[in-house]
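Thank you for making the time this morning. I would like to walk through one model with you, going from the overall chain to a few helix pairs and then to some local details.

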Amino acid sequence: MEERSQAELRAAYGAALAALQSGRAETAERQLRAIQAAAPGEVNSLRLLGLALLAQRKLEPAIETLERAVSAAADFAHARTDLARAYREVGRLAEARKELQRVVKQAPALDSAWLAYGDVLVDLEMYADARYAFEQARRLDPHCARIEQATAAFVAGDRQSAEGIFRDILKSDASHVGSLCGLAALALGAGNAQDSERLLRHALKQTAHLPLARRGLGHTLLSAGRLTEAETVFRELLKVEPENPQNWVALGSVYTRLLRQTDALAAFETAARLNPQQVRLRLSIGHLHKTLGHREQCEGAYHESLRMDAACGEAYWSLADLKTYTFPDVEVGAMRDLLANSSVDESNKAQLHFALARALEQRMQYKDAFINYSAGNALRRAASPFDIAKFEAKSRRVSACFDAVFFRERQGAGFRDSSPIFVVGLPRSGSTLVEQILASHSQVEGTMELPNIVTMVREFDHRDRQGDGYPERVRAVPALGLAALGRRYLDETRPIRSGRPHFIDKMPNNFSHVGLIHAILPRAIIVDVRRHPMDSCFSTYKQYFAEGQSFSYDLEDLGRYYRCYLSLMDHWDEILPGKVLHLQYEELIRDPETLIRRLLAHCGLPFESACLRFHETERPVRTASSEQVRQPLYASGVGYWKHFARELEPLRRSLGDCLERFAYLG
């Protein structure tokens, strides 16, 4: 009979443990109180009861329960560790530290105790000791070798193996911090910031200050556009790890997104001081100088990168991307030699091809320039394939979803704020120029290519099991939900605005999302900047994009993509007449004042002559056109494609009859 009773208690304990591990702390508490009633003072269930209470934030009862457990079993290291965690939660840090000092002396191999000890030491601002404690926790983790194996697989691009290892560990330890952080990194890499945050919040319930988890959370918040939260996380992390260059890079990335470019530059320079051999940091410093208009320092940083690594393709391309930099013969020769070297990797070779092509263009060697553009694009296409048929199908779905009925049924929905001005179109079509003109107005501030709308689209995609829920999932959002999304957009962008009545969101690819924008922000202003298809597509083809825009690496894909763009813009004109102003780049060059007056009128703004002198406006510009918009208008880019007419025949064929719409431009 007694054996049966013990078996029943063990089964009840197992059920309570399972309930607690699955997040059902209240159920676990009821089951554990029943066990205690049957076996008063049984220390394992008593300790588990304390954890169930702690999980429900019933802090004082948790402390009383865990104190009973350690009183009954003084050497119960796990219970004493949990008691220290409870003490920490109520601010009794000295007592928590004392308990953990006892545990790590008594049971020095208990990784959870070192983890808890690190949290307490951070709270006590004993950061060096905290770093030691966290490292001990990592080293003593029984799954340490498997975590390192999974991390190596992740870095090598084997996401499936990495995920398998992390999930396998979680089967035996549902709260394993390293595995939760690993899965969060995988989710973030797949563009799912929501899943990443959920996993990291669970990890941070186990340890409040572990740098691995805090850094992951900071990157997740940055990806989600929650910039001030991300800044707070990284600044707190730097208290624990002030000498870790990763943290300074992360903070610099946040400052870049917050348009605090001077602060970003200081952060990257600190990272470079801590890791002086890292070429990427020197390149980032050059990019920031470019954004700030510091031409001399920018070129100096790129040349310093080449002194550090003579085969650095990105440094050569960065010089080329200044648009007005002239490569001397010695650098052209160096690029040719590197391209002939079989040991140079394909990523570097791609950028070298683009840079050499730009140098040959400057010398009017158009045929050889195109050969290099073609080679660079082929390498980029192999590395970042693009499914143009899938994009065409997606575009048709967007048109079908956001139809006249959709907006008629949602009349009056959305958040009614007119401050955003969305500038859309295709890359290299003049959108940065239009942004600079608008940002020269006293009532408008320029920002950057904001990812917030694209992030929302990605979230809708992830609502579908196949990751393809947009646009159809938008139909399920009620009117209040659409307004909430509009309000969220404004809240997320507020940290980068200084208070002017209007601000610019210049993400060209938002042309696909005009319907979503109008649904959540019906009073938002939208401007479409377009350029002759041949010039637009060829200019895009000549541009090495660090990420995104993978449609641009094939001439036929470019033509089909441009046709999708025109079709969608025609659709928006049909169902939302007058919503979008179409501004033709060539007409803007030919008659700037007339077009600028039309642009300002569409935005509800009075004319200001400063908009004609846009090149005098001092502001950070992050796009590929940053140098060009600091010059007066020039027409040399109009019809430039004709130098390459024979090579661009596949593009002309792909564009087809849509070219007839632009014949009037000459």
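Let me begin with a term I shall need throughout: contact here means heavy atoms within 4.5 Å. What you are looking at is a predicted model, in which local features need pLDDT of at least 70 and side-chain atom pairs count only at pLDDT 80 or more, while totals for chains, interfaces and linings use all residues. Residues are numbered from 1 along each chain as its sequence is written, and side-chain values use heavy atoms, with hydrogens and water left out.

First, the chain as a whole. Its secondary structure comes to 33 helices and five strands, where helices (H or I, at least four residues) and strands (E, at least two) are DSSP runs numbered from the N terminus. Taken along the principal axes, the C-alpha atoms fill a box of roughly 95 × 60 × 45 Å. Of the 666 residues, 54% count as buried; buried means under 20% relative accessible area, exposed over 50%, and partly exposed in between, with a 1.4 Å probe and protein chains only. Among the contacts with a separation of 6 or more, 67% come from residues 24 or more positions apart.

If we set aside residues up to four places away in sequence, Phe 327 touches several others, among them Tyr 316, Met 335, Ala 355 and Arg 363.

Which helices do the buried residues of H29 pack against? They pack against H21, H22, H30 and helix H33, which spans 649–655. H29 itself covers residues 533–541, and nine of its nine residues are buried, including Asp 535, Cys 537, Phe 538 and Tyr 541.

Two of those partners, H21 and H22, also pack on one another. Helix H21 (residues 346–362) and helix H22 (residues 366–383) do so at an angle of about 160°, with their axes 8 Å apart; the axes are lines fitted to C-alpha atoms, for helices over the stretch in contact, and angles run from 0 to 180 degrees between N-to-C directions. H21 and H22 are therefore roughly antiparallel to each other, on a scale where angles under 35 degrees count as roughly parallel, over 145 as roughly antiparallel, 65 to 115 as roughly perpendicular and the rest as oblique. The residues that meet include His 353, Phe 354 and Leu 360 in H21, and Tyr 366, Asn 372 and Leu 379 in H22. By class, this contact has 10 nonpolar, four polar and six charged residues, with Ala, Val, Leu, Ile, Met, Phe, Trp, Tyr, Cys and Pro counted as nonpolar, Asp, Glu, Lys and Arg as charged, and the others, Gly among them, as polar.

A second pair is H17 (residues 279–291) with H18 (residues 295–308), whose axes come within 7 Å and cross at roughly 165°. That makes H17 roughly antiparallel to H18. Val 279, Leu 283 and His 287 are among the H17 residues that meet H18, where Cys 298, Tyr 302 and Met 308 are among those taking part. Here the classes come to seven nonpolar, five polar and three charged residues.

Finally, some backbone details. Most residues other than glycine have a negative phi, and most peptide bonds are trans. A cis peptide bond, with omega about 10°, joins Tyr 470 and Pro 471, and Pro 471 lies in the loop between helix H26 (452–461) and helix H27 (479–493). Arg 428, although not a glycine, has a positive phi of about 60°; Arg 428 sits in the loop between strand S1 (420–425) and helix H25 (431–439), and is buried, with a relative accessible area of 14%. Gln 549 likewise has a positive phi, of about 55°, and is found in the loop between H29 and H30, where Gln 549 is buried at a relative accessible area of 16%.
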